[in-house]
Structure formats: structure tokens, C-alpha cells
Amino acid sequence: MNISTLSAHVSNQNKAAGGARAERPSALPDLVVDRFDPSNGFPNQGDRIDFDVQVRNRGSVAAGPFTVEVSGDGMGPDRERVSGLGPGQSTRLRFGPANVG
């Protein structure tokens, strides 16, 4: 079983205002994938399984809407939109099914 890509994208990144004056960078959300687990624990070749993905915001500010995408052999791409995550919050998403090969 090969899942070749797992990525989380923040679609509303905070951008510094333009202009010539120097500004202190704004705080940004920091989205990380904490867990990426097959739904049945120990899949066998030929099984069709789902994947549970946990995404956490370890930043100091809220993340606006973002998309989590999973793709790989026998699956995808599969996308889920998340409306946002506050600082320290996490969410769990289910993707699939995928063929175990």
C-alpha cells in the first residue's frame, strides 16, 4: 500500500500590507498532520480501507478555511474542506476507500 502524497493547505494565508515601511511579521497559523492511520489498523493486501487523518493548528492564531488532500496508489485524490481551526485545536477527517496493493 502506497499513499504517496498527504498535504494540508491554508487557503486564506495572512499577507503583510504592501508599502515601503517595515512591519513586524503577523502571526500565522501552523497546520500539521498529527496522525495518518488506516481505519482498520492492520490492512491486508486486497482490502479496501479508509484513512483517518488528524490535522492540528499549533500556531498562535486561528486558521481560516483550508483543504486537506490525500492521494496515492489505489486512491484519490480525495479532498476535504475544513472551515477553520483555532490555536491548539485539531480535527479528524476520513478519506477513502483505497485499495491495499
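**Aromatic pairs**

I looked for aromatic pairs in this predicted model. Rings of Phe, Tyr and Trp (its six-membered ring) pair if their centres lie within 6.5 Å. By that rule I count one aromatic pair. Phe36 and Phe51 form it, with 5.2 Å centre to centre and 5° between the planes. The pair is stacked; planes under 30 degrees apart count as stacked, over 60 as edge-to-face and the rest as tilted. Phe36 lies in strand E2 (residues 31-38) and Phe51 in strand E3, so the pair ties together parts that are 15 residues apart in sequence.

I then looked up the cover of both rings' residues. Phe51 is buried, at a relative accessible area of 3%. Phe36 is partly exposed, at 29%. My cut-offs: buried means under 20% relative accessible area, exposed over 50%, partly exposed in between, with a 1.4 Å probe and protein chains only.

**Ground rules**

I number residues from 1 along each chain as its sequence is written, and side-chain values use heavy atoms, with hydrogens and water left out. As the model is predicted, local features need pLDDT of at least 70 and side-chain atom pairs count only at pLDDT 80 or more, while totals for chains, interfaces and linings use all residues.

**The chain as a whole**

I find zero helices and six strands. Helices (H or I, at least four residues) and strands (E, at least two) are DSSP runs, numbered from the N terminus. Along the sequence the pattern reads β-β-β-β-β-β. Of the 101 residues in the chain, 29% are buried. The accessible surface comes to about 6,300 Å², by the Shrake-Rupley method with a 1.4 Å probe; for residues, only the protein chains shown count as cover. Carbon and sulfur atoms hold 43% of that surface.

I also checked contacts, meaning heavy atoms within 4.5 Å. Among contacts between residues at least 6 apart in sequence, 61% join residues at least 24 apart.

**The sheet with E2, E3 and E6**

I traced an open sheet of three strands in the order E2-E3-E6, with antiparallel pairing. Two strands pair if DSSP finds at least two bridges between them. E2 and strand E6 (90-99) are the edge strands, each pairing on one side only. Neighbouring strands in this sheet are turned by 25° against each other on average, direction ignored. The axes are lines fitted to C-alpha atoms, for helices over the stretch in contact, and angles run from 0 to 180 degrees between N-to-C directions. Eight bridges join E3 to E6.

**Asp52**

I went to Asp52 in strand E3 (residues 48-57). Asp52 is buried, with a relative accessible area of 12%. Which residue in E6 is the bridge partner of Asp52? It is Arg94. The side chains of Asp52 and Arg94 are also joined by a polar contact of 2.7 Å. A polar contact is a pair of N or O atoms within 3.5 Å; within protein, one must be able to donate a hydrogen and the other to accept it, and residues adjacent in sequence count only if both atoms are side-chain atoms. Leaving aside neighbours within four places in sequence, Asp52 is in contact with Arg35, Phe36, Asp37, Ser39, Arg92, Leu93 and Arg94.

**Arg35**

Next I followed Arg35, in strand E2. Arg35 is partly exposed, at 44% relative accessibility. Not counting residues up to four places away in sequence, Arg35 touches Asp52, Val53, Gln54 and Arg92. Its side chain makes a polar contact of 2.8 Å with the side chain of Asp37.

**Other spots**

I looked up Leu31, also in strand E2. Leu31 counts as buried, at 16% relative accessibility. The C-alpha atoms of Leu31 and Gly88 are 9.8 Å apart, and the two residues are 57 residues apart along the chain.

Val100 sits in the segment after E6. Val100 is buried, at 9% relative accessibility. Its C-alpha atom is separated by 8.6 Å from that of Asp73, 27 residues away along the chain.

Last, I checked peptide bonds. Most peptide bonds are trans. Gly96 and Pro97 are joined by a cis peptide bond, with omega about 5°. Pro97 is in strand E6.
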